[in-house]
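Q: Please take a close look at the aromatic rings in this structure. Which of them pair up, and where do they sit?

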Amino acid sequence: MTLRPTQHDGTHPRPTLMREDWESLDGPWSFAHDDADRGRAERWYAPALEAAAERDVFDRTITVPFVPESEASGIHEPGFHPVVWYRREITATARPGHRVLLHLGAVDHEAHVWVDGRLAGHHVGGQTAFTCDLTDLLDDGDQHVVVVRAFDDPHDPELPRGKQDWREQPHGIWYERSTGIWRSVWLEHVPDQHVAGFHWEFDMPRARVEVSLRLARRPAPGTTVRVALSAGDEALGTVEIAAHDTRVQGVVDVPAVRNTQDRDRLLWSPEHPHLVDVSLQVLEGGEVRDIAASYLGLRTTGIDRGHFLLNGEPYFVRSVLEQGYWPTSHLTAPTLEAYREEVELIKELGFTAARLHQKVEDPRFLFWADKLGLLIWGETANAYAFSPRAAAALTSEWTEIIEQCRPHPSVVTWVPMNESWGVRDLADSAPQKDLTIALTALTRALDPTRPVISNDGYELTGGDILALHDYTTDADQLAAHYADEDATEATIAGRGPQRRRPVDDAAQHLHPDAPVMVTEFGGIAYAAEGTWGYATVSSAEEFETKVGGLFAALNSSPVLAGHCYTQLTDTLQEANGLATADRRPKLDAAVIRALVTGLDQA
C-alpha cells in the first residue's frame with residue numbers, strides 16, 4: 001500500500017514522516033502527583049509494584065495527552081504540582097531486524113522515561129518531541145510497563161514558559177500552567193535502518209527540490225535512499241542517492257516547474273495549497289529496508305524592498321494572533337478535529353496567516369495549515385529572566401523546534417523572541433542584546449530559507465522583518481502612525497507606540513530591505529465585566545465599529561507589508577478575541593471577514 005500523507009485524515013501524530021506500523025497510546029494512564037519528590041528514591045518506575053503500593057502511588061487515572069491542570073484530563077488540579085508521574089502497560093514485541101520506538105510529542109518541562117524498570121530516555125524542553133528506543137530494554141513477553149516522570153518548576157523564571165502563569169490563579173495575559181504530557185504518545189515499529197528525519201528546500205529558479213535525510217544508524221556499504229515526488233497520479237521527479245553517512249543529501253529535479261507559464265498549478269500558497277507527496281525508501285544491496293512517506297509544498301519565502309515575498313512575489317500578510325488555548329483542555333486541542341476547525345475558522349474570518357503565540361503548535365495543526373493553506377509565524381515560549389542558564393535553555397529548545405517544524409511548508413517565518421521577554425533590560429544590557437542577535441544568526445544558520453524576526457514587537461536588534469506592536473485603539477491615531485513613509489519612519493525613530501524603542505541601537509543587524517509589519521494590534525474586549533483588553537466595548541455595534549476602524553487604518557497604509565490582529569479567541573480573562581473561547585465569532589463571520597480584508601461582504 002502506498003502512503004499518501006497529502007490525503008491523510010490528520011490523525012497521525014507526525015504527519016511529515018509517516019509509516020503504517022504505529023499505535024496511539026493516548027487515553028487512560030495511571031497517574032500520581034509527587035509534591036515531595038520522593039518517587040525516584042522509592043523506585044516508582046519499578047515494573048511490578050506490590051498491589052497495595054500501586055494503589056497508594058498511582059492512585060488516579062489521567063487521560064493523556066491532557067495536562068493534569070485541565071478538566072479534560074480527569075484530574076483538574078490547577079495548583080502547584082511540580083512533579084507528576086504516569087504509568088501504563090503496553091503491548092510490544094521486539095522483532096528481529098526491527099526497533100520498538102516510543103514517541104512522546106511533548107512533555108513539559110523535563111521528562112524521564114522507564115520501560116520495565118530500566119531508564120529508556122531523558123529529555124529537557126517542554127515544547128518538542130522526543131523518542132525512546134525501547135527494544136533492548138524490554139523484558140521477555142509482549143506485556144511491558146512504561147513509566148514517565150515529569151518535572152516543571154512553576155516558579156523558575158529561567159525556563160521557557162510562554163503564557164504559563166507563575167501565580168496560582170491566572171491574571172493579566174497569563175494562563176493556567178501545563179505540567180507533564182500535553183501531546184500524543186505513540187509506539188512505532190521500524191526497521192533497524194530507517195529514515196529518522198527529513199526536510200527539504202525548494203529551488204524555484206532551478207526547478208528542483210533539495211532533500212536532506214537523517215538515517216537512524218551509519219549506513220552499510222551499498223546503502224541508497226530513493227526519493228520520489230508525485231502530485232496525485234503525476235510523477236514529478238525521482239532520485240536515488242548513495243548513503244555514505246547518517247546525513248544523506250541530494251537533489252530531485254522537477255521538470256514540470258521549468259515551464260514558468262504552467263508552474264503555478266504546482267506552487268503552494270494560501271489561495272492554492274497544493275501539496276506534493278514524498279515517498280522515501282532505504283535500500284541495502286538493492287533490497288528495500290524501510291518505507292516512509294512525507295509531503296512538501298513547492299513554495300519560496302523571502303523579502304525584497306519592503307515586501308514579504310511568497311513564491312517570488314509581494315504578498316500582503318493578514319494574520320491573527322493564535323494563543324492555541326482551549327477552556328477544558330488548555331494548550332492541547334480537545335479533539336483532533338479541533339485542529340482542522342481552528343484553521344478553517346482562521347481562514348473563514350479572512351486571514352491568510354496565524355502567528356502562533358508563545359507556544360509550538362501540534363504537528364497536526366500544522367498539517368491542516370499545510371493542507372488548507374495558512375501561513376504560520378513559528379514562535380516559541382520565552383523565559384521571564386535572563387541568565388546563562390536561561391539563554392542555554394532557550395537556545396537548545398529553539399534548535400529542536402526548528403528541526404521539527406521545518407518540514408511544514410506553512411511555516412514561513414521564525415520568531416525566537418517576543419517583546420524582550422527574558423531580556424527585559426535589553427536596551428541597557430549588552431549580554432541580553434547579544435542573545436537576540438545570536439538567536440537570529442543561529443536561526444539563519446539552521447534554516448536559511450525563511451525570514452527571521454529578532455524580537456517581535458520592539459527593540460529589534462536585527463532580523464529580516466521590522467515587526468512592531470501598536471495597541472493604539474484610536475483608529476485615526478493608528479492610521480497616522482503609518483500614513484506614509486515619513487510618518488512610519490517617525491514612528492520607528494521615536495520611543496514607539498509601546499513606549500519602548502522600536503529598533504535598538506544594534507539596528508545595523510536589521511536587513512536593509514526589511515518590510516514593516518504591525519505584528520500585534522487591536523486587543524478590543526467585548527465581553528463580561530472583569531475581563532481584560534486594551535480597550536473595552538459594550539455592544540456588537542460598537543465592537544464592529546472599533547475593530548473595523550483599526551483594520552481600515554492599517555489596510556490603508558501604503559507602507560505596511562502586513563499586520564496581525566490580537567487575537568483569534570477569548571482566552572480566560574483575556575477576552576479580546578474576535579471569537580469566544582468556544583470558537584463562536586462575536587460578529588457574523590462574513591462581517592469580520594469584510595473588516596479584515598477591507599472588502600465588501602459579498
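A: The answer below goes through the aromatic pairs, then a cluster and a charged neighbour. The model is predicted, and a search of the whole structure finds 23 aromatic pairs.

One of these is formed by Y471 and Y534, whose rings are stacked, at 3.6 Å centre to centre with 5° between the planes. Y471 belongs to the loop that runs between strand 27 (466–469) and helix 6 (475–481), while Y534 belongs to the loop between strand 29 (524–525) and strand 30 (535–536), so the pair ties together parts that are 63 residues apart in sequence. Y471 is buried, at a relative accessible area of 8%. Y534 is partly exposed, at a relative accessible area of 33%.

Another pair consists of F551 and Y565. Their ring centres lie 5.2 Å apart and their planes meet at 25°; planes under 30 degrees apart count as stacked, so the pair of F551 and Y565 is stacked. F551 is in helix 8 (residues 540–555) and Y565 is in strand 31 (residues 562–566), so this pair links distant parts of the chain, 14 residues apart. F551 is buried, with a relative accessible area of 0%, and Y565 is buried, with a relative accessible area of 0%.

Aromatic residues also group beyond pairs: W44, Y45, F58, W85 and W114 make up one aromatic cluster.

R183 lies over the face of W182, 4.4 Å from the ring centre.

Conventions: Residues numbered from 1 in each chain as written. Predicted model: local features only at pLDDT ≥ 70, side-chain atom pairs only at ≥ 80, totals over all residues. Heavy atoms only, no water. Phe/Tyr/Trp six-rings, centres within 6.5 Å; stacked < 30°, edge-to-face > 60°. Helix = DSSP H or I, 4+ residues; strand = E, 2+ residues; numbered from the N terminus. Buried < 20%, exposed > 50% of the residue type's maximum accessible area, 1.4 Å probe, protein only. Lys NZ or Arg CZ within 6 Å of the ring centre and 35° of its normal.
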